[in-house]
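Here is a short briefing on one protein chain. Look over the sequence and the structure first, then read on.

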Amino acid sequence: MIGIIGAMDEEIFELKKIIKINKEENIFGVIFYQGILNNKDVILVKSKIGKVASSFVTTLLVNRYKLDYIINIGTCGAISNKLKYLDIVIGDKLFYHDADVRAFGYKYGQMAQCEPYFETNRLLLEKAKKFDNVFIGDIVSGDEFVDDSHKMLEKVKQYFNEYNIMACDMESTAIAHVCTLANVPFIIIRTISDVLDFNGTKRDFSELALESCKILAHFIEEYIYE
């Protein structure tokens, strides 16, 4: 069984349309949609936004269902100027950009008693590399909606310069953290909804939501079929 997590209604909307849902389960007010997609058993769930909400739902998911792996879908902001609106980014290494326990000898972005980053399952990542027009890169997450590109770019240069940071969001690393603790393979699959200031233009998220959902749903459908 494959678990699929999106933070917002918009991010799971198109998948709900193409999954043959045969059961809904309410656990602590969280709705888990169980069904079939491309002849695979899947569980789709909305986590809500942020690290705590996504950690909570991921924990419920891995505790309640026997999963082969988890896919986190959703939108994210570009850190790399190689990216444009609606590009697909696959997370490789996942970092917190708002964790700081350097006083105890850890690196910036490294949570206490954890490795410096959480790493996507290698087999799932290699499978994603077979698809055209996807970018593989590292992602930073934190409880902050990043609307100041210069601030985030400076933080990346200062603390994560040795890595290939391509995007930022508010859930990926927390989901990766829980999956790592629970020993459940995971992969992060995101589309770009914000390119910060790189090309001098901005698009409203509501404009991108439907396009993004369709792109993600189509990609997930193809990905789990492979």
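Does Gln 113 count as buried or exposed? Gln 113 counts as exposed, because its relative accessibility is 76%, over the 50% cut-off. The model is predicted. The points below cover a helix, its partner helix, a strand with its pairings, and the cysteines.

**Loop residues with positive phi**

- Gln 113 is found in the loop between S6 and S7. Its phi is near 65°, a positive value in a residue other than glycine.
- Lys 48 is found in the loop between strand S4 (40–46) and H2. Phi of Lys 48 is near 75°, again positive in a residue other than glycine.
- Lys 48 is exposed, because its relative accessible area is 55%.

- H5 is largely enclosed by the rest of the structure, because eight of its eleven residues are buried.
- The buried residues of H5 are Ser 172, Thr 173, Ala 174, Ile 175, Ala 176, His 177, Val 178 and Cys 179.
- Val 184 lies in the loop between helix H5 (172–182) and strand S10 (186–194).
- Val 184 counts as buried, because its relative accessibility is 12%, under the 20% cut-off.
- Leaving aside neighbours within four places in sequence, Val 184 is in contact with Val 62, Tyr 69, Ile 70 and Cys 179.
- Gly 6 is 178 residues from Val 184 along the chain, and the C-alpha atoms of these two residues are separated by 17 Å.

**Packing of H2 against H5**

- The axes of helix H2 (residues 51–64) and H5 come within 8 Å. They cross at roughly 30°, and the crossing is right-handed.
- On the H2 side, the contact is made by Lys 51, Ser 54, Ser 55, Thr 58, Thr 59 and Val 62. On the H5 side, it is made by Ala 174, Ile 175, Val 178, Cys 179 and Ala 182.
- By class, the contact of H2 with H5 has six nonpolar, four polar and one charged residues.

**Strand S6 and its partners**

- Strand S6 (residues 88–96) is mostly covered, with nine of its nine residues buried.
- S6 pairs with strand S8 (residues 134–141) in the parallel sense, over seven bridges. Here Ile 90 stands opposite Ile 136 in S8.
- S6 pairs with S10 in the antiparallel sense, over three bridges. Val 89 has Arg 190 in S10 as its bridge partner.
- S6 also pairs with strand S7 (residues 118–119) in the antiparallel sense, over two bridges. Lys 93 stands opposite Glu 119 in S7.
- In a regular strand, side chains alternate between the two faces of the sheet.

**Cysteines**

- How many disulfides does a search of the whole structure find? The search finds zero.
- Cys 179 is in no disulfide. The nearest cysteine sulfur is that of Cys 114, 13 Å away.
- Cys 179 is buried, with a relative accessible area of 0%.
- Cys 213 is in no disulfide either. The nearest cysteine sulfur is that of Cys 76, 14 Å away.
- Cys 213 is buried, with a relative accessible area of 5%.

How values were computed
Residues numbered from 1 in each chain as written. Predicted model: local features only at pLDDT ≥ 70, side-chain atom pairs only at ≥ 80, totals over all residues. Heavy atoms only, no water. Helix = DSSP H or I, 4+ residues; strand = E, 2+ residues; numbered from the N terminus. Buried < 20%, exposed > 50% of the residue type's maximum accessible area, 1.4 Å probe, protein only. Contact = heavy atoms within 4.5 Å. Disulfide = S-S within 2.5 Å. Pairing = 2+ DSSP bridges. Axes fitted to C-alpha atoms, helices over the stretch in contact; angles between N-to-C directions. Left-handed = near helix turned anticlockwise from the far one by under 90°. Nonpolar A, V, L, I, M, F, W, Y, C, P; charged D, E, K, R; others polar.
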